[in-house]
Amino acid sequence: MFDKNNKLRHSVSLAAMLALSGLSATAWADAYEDAAKKWIGSEFKPSTLTAEQQLEELKWFIKASEPFRGMSIKVVSETIATHEYESKTLAKAFTEITGIKLTHDLLQEGDVVEKLQTQMQSDKNIYDGWVNDSDLIGTHFRYGKTESITDLMANEGKAYTSPTLDLKDFIGISFTTAPDGKVYQLPDQQFANLYWFRADWFERADLKAKFKEKYGYELGVPVNWSAYEDIAKFFSEDVKEIDGKRIYGHMDYGKKDPSLGWRFTDAWFSMAGAGDKGIPNGLPVDEWGIRVEDCHPVGSSVTRGGDTNGPAAVYATTKYVDWLKKYAPPEAAGMTFSESGPVPSQGNIAQQIFWYTAFTADMTKPGLPVMNADGTPKWRMAPSPKGPYWEEGMKLGYQDAGSWTFMKSTPEKQKLAAWLYAQFVTSKTVSLKKTIVGLTPIRESDINSQAMTDLAPKLGGLVEFYRSPARVQWTPTGTNVPDYPRLAQLWWSHIAEAASGEKTPQQALDGLAKDQDAIMTRLERSKAQATCAPKMNPERDAQYWFDQPGAPKAKLANEKPKGETVSYAELLKSWEAARK
């Protein structure tokens, strides 16, 4: 526990301040409670709690914050709409309700990770609390630099852990739980990458008839990559124009840029069927192609039992390159993630296989070519189609889960004050309103609320997806990845070689797998990781591994089975039936 003398000094200074101001402690407590009532009445609605329940929850925060009043703490997150709301609105509310001065900085994702690495390496405190992707879970639990939230809640943070936190209500808590069974991060926001399509075009009788005549099956939501490819070709080469405007059957990006790495590490290989079965991540081989044995990474090259350069990964990379060149707008190859994001909203894209639900808010703005006059979208989101290597029981796509993380190098008192803020911005008092603002839900209770039911028709399938049983197949990077920052930065340069045509997909992935193995070998030798460090397999003939069950899988004789689609209405019915 933090120094009792500090607590005593703080109490004395507070008493002196109260005496000078002429206010009693009761009056100050009333002021914090009045602030809570003000925010409940003006901002924190709708909520899954009644106003009375909200006030009771906030009274706990008022009481718990007493030892920290007057302190200044700093936290940081990446710049997305949800965190902007926290930084501009919730941080102010927290300060008024608790008396803790809170600065919530917003940085680009890469800068957050860079500063986090600096604190981990130097043990010098930069921020008191961090929102960083749960993709770093494998990094955090191995190095021993990150506070276990499970331990924090049981020990020094016990008195400062809200009785209404309700961890079981967090839909992403499995993503932030390590192989030791402990929670290392608290989910703050999350979003998935899904399939996006122009539902209005897909329902046109003339286009449906033309597609069926050519391909022999219905134009609809693609169930497999064969159908996605057929639909991309159909709109790009057969339809070509709608209402006098050039249209395309696919959208992506290909510029040599760090964001090209996310395009692949965010589970592209798993969508094709690389890796093994397992939720939230394949075991023993995950969607990055890294094999683990007893929690120890042993290799990513096929010759070490990995799948980073296996046939399924090569197939996935080949399709990425082919579709980008053949069916996307010509300028897409020179775009980054952020540049390509708004393109579908301009009205000339028929579908996108890799689309983040974080774009939902921007895609639903009134007046866009993809919006109806009544405020409903002309587009829908649906589950991603599956590649030919995919098998039932595998993950199907990626889900980003920005999560609160605390470093052991942060002074205890500052850490506990930041822990209060993390709980505040994820509390049931504020979480539903935050979900409506940023559309990045974290709580089951919020997803199933009447407010989200009312909003659903304007969100193009977001609510239906998060309420569906399919949701569990979309997960972040898992615990197999032993050092996310170091390994992730390898991907974009190697993938760029394939995107530019400088190397074949096989050659590019061979280089990626080799470099990943080299970093994991150095981690093994350095003994820098406190637990579950790499123990690299010796290399052996690839055929040995192809002959073993699971990943890596040998190349399929037919990588393009017949296309298969489903109507969107039938898809929603199947979800609804599965929930009952």
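The cut-off for buried is under 20%. The model is predicted.

**The disulfide**

What is the partner of Cys 295 in the disulfide? Cys 295 is joined to Cys 532, with an S to S distance of 2.0 Å. A search of the whole structure finds one disulfide. Cys 295 sits in the loop between β8 (291-293) and β9 (296-299), and Cys 532 in the loop between α22 (505-526) and α23 (542-546), so the bond ties together parts that are 237 residues apart in sequence. The torsion about the S-S bond is about -95°, which means the disulfide is left-handed.

**Arg 471**

Is Arg 471 buried or exposed? Arg 471 is buried, because its relative accessible area is 14%, against the cut-off of under 20%. Its place in the chain is the loop between α20 (462-467) and α21 (484-500). Which residues does Arg 471 contact, leaving aside neighbours within four places in sequence? They are Ile 171, Gln 399, Glu 444, Ile 447, Phe 465 and Tyr 466.

| Residue | Relative accessible area | Class |
|---|---|---|
| Arg 471 | 14% | buried |

**The whole chain**

The protein chain holds 24 helices and 13 strands. Its C-alpha trace spans about 85 × 60 × 45 Å along the principal axes. How does the radius of gyration fit a compact globule of 580 residues? Such a globule would have a radius of gyration near 25 Å; the protein chain has 25 Å, so the two agree.

Burial and contacts come next. Of the 580 residues, 58% count as buried. Take the contacts between residues at least 6 apart in sequence: 76% of them join residues at least 24 apart.

The accessible surface of the protein chain comes to about 22500 Å². Carbon and sulfur atoms account for 52% of that area.

How many charged side chains does the protein chain carry? There are 69 positive and 75 negative side chains. The centres of these two sets lie 1 Å apart.

Conventions. Residues numbered from 1 in each chain as written. Predicted model: local features only at pLDDT ≥ 70, side-chain atom pairs only at ≥ 80, totals over all residues. Heavy atoms only, no water. Disulfide = S-S within 2.5 Å. Helix = DSSP H or I, 4+ residues; strand = E, 2+ residues; numbered from the N terminus. Buried < 20%, exposed > 50% of the residue type's maximum accessible area, 1.4 Å probe, protein only. Contact = heavy atoms within 4.5 Å. Rg over C-alpha atoms; globule rule 2.2 N^0.38 Å. Areas by Shrake-Rupley, 256 points an atom, 1.4 Å probe, with all protein chains shown as cover. Lys, Arg positive; Asp, Glu negative; His and termini not counted. Charge placed at Lys NZ, Arg CZ, Asp CG, Glu CD.
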